[in-house]
Amino acid sequence: MNHTLLWIEGAPVYGAENNSQIEQFVDKYITCNIDHLYSKLSKVHRHYHTKSCRKRKNSHCRYNFPVPPMRATRIIEPLSLEDNVVVEKSKSLFAFLEQGEFDKLMSFDDFLTELNLSEDEYIQAIQCTLKQPTIFLKRKLSHIWNNSFSKDMLVMWKANTDVQYVLNAYAATSYCTLYMTKVDKSMTSAFRRIRKEHERSHIDAIQMIHTLGNTLLNLQQMSA
Ligand SMILES: [Zn+2]
């Protein structure tokens, strides 16, 4: 698995520019529409639940799949007040999406009719699941299990990518910092091996630190 930090010069900033500018910007670079991908690539962009998705039985997937369909890309803010009626509607909505027993080709309006929700009620049902402002891509019902990706990057990379616009700079920084400083099992055993080799060969401490530093850089999972 490879992780790379990429950024676009001059991207609009959430909170400084209005939401519609950000939504237009996101549509220029990111999509979840796999309709024009050849089948091998369309398969790698689908989320499949695994054991790591749920911390507790019946809790929501921590990667937030399935993602609700959306008429157009938009930023949605959390609800300020909890409302039990909305919470119940939200549970029904996500159970409906999870079960997948519906016509995946139905239009967004038919989908709302099927759920017996107005568009405002539908957005509120999504809002009550949010802890922070979140961007939802324009999404068909047939694409609720798809990662977001950049078409240009995909052509070059030819494998799964998950590209997101960052609304919360703090969360993105802590996520990246965790990866940059992550010490996995392979690194720990590599360090142990280097220390033993140096002890056997009586190489001085400075040389050993140099070797450990190089190993650390080579084994890091993230580049920028
Ligand atoms: Zn999942």
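I looked up Pro-66 and found it in the loop between α2 (39-44) and β2 (74-76); helices (H or I, at least four residues) and strands (E, at least two) are DSSP runs, numbered from the N terminus. A cis peptide bond joins Phe-65 and Pro-66, with omega at about -5 degrees.

The model is predicted: local features need pLDDT of at least 70, side-chain atom pairs count only at pLDDT 80 or more, and totals for chains, interfaces and linings use all residues. Residues are numbered from 1 along each chain as its sequence is written.

I recorded Asn-116 as exposed, with 9 other C-beta atoms within 10 Å.

Next I examined helix α3 (residues 84-99) and helix α5 (residues 119-127), whose axes come within 8 Å and cross at roughly 90 degrees. Axes are lines fitted to C-alpha atoms, for helices over the stretch in contact, and angles run from 0 to 180 degrees between N-to-C directions. The two helices, α3 and α5, are therefore roughly perpendicular (65 to 115 degrees; under 35 is roughly parallel, over 145 roughly antiparallel, the rest oblique). Val-86, Lys-89, Ser-90 and Leu-93 of α3 meet Glu-121, Gln-124 and Ala-125 of α5 in this contact (C-beta atoms, placed from the backbone, within 7 Å).

Technical notes: Two residues are in contact if their C-beta atoms, placed from the backbone, lie within 7 Å. A residue is buried if 20 or more other C-beta atoms lie within 10 Å of its own, exposed if 12 or fewer, and partly exposed in between; C-beta atoms are placed from the backbone.
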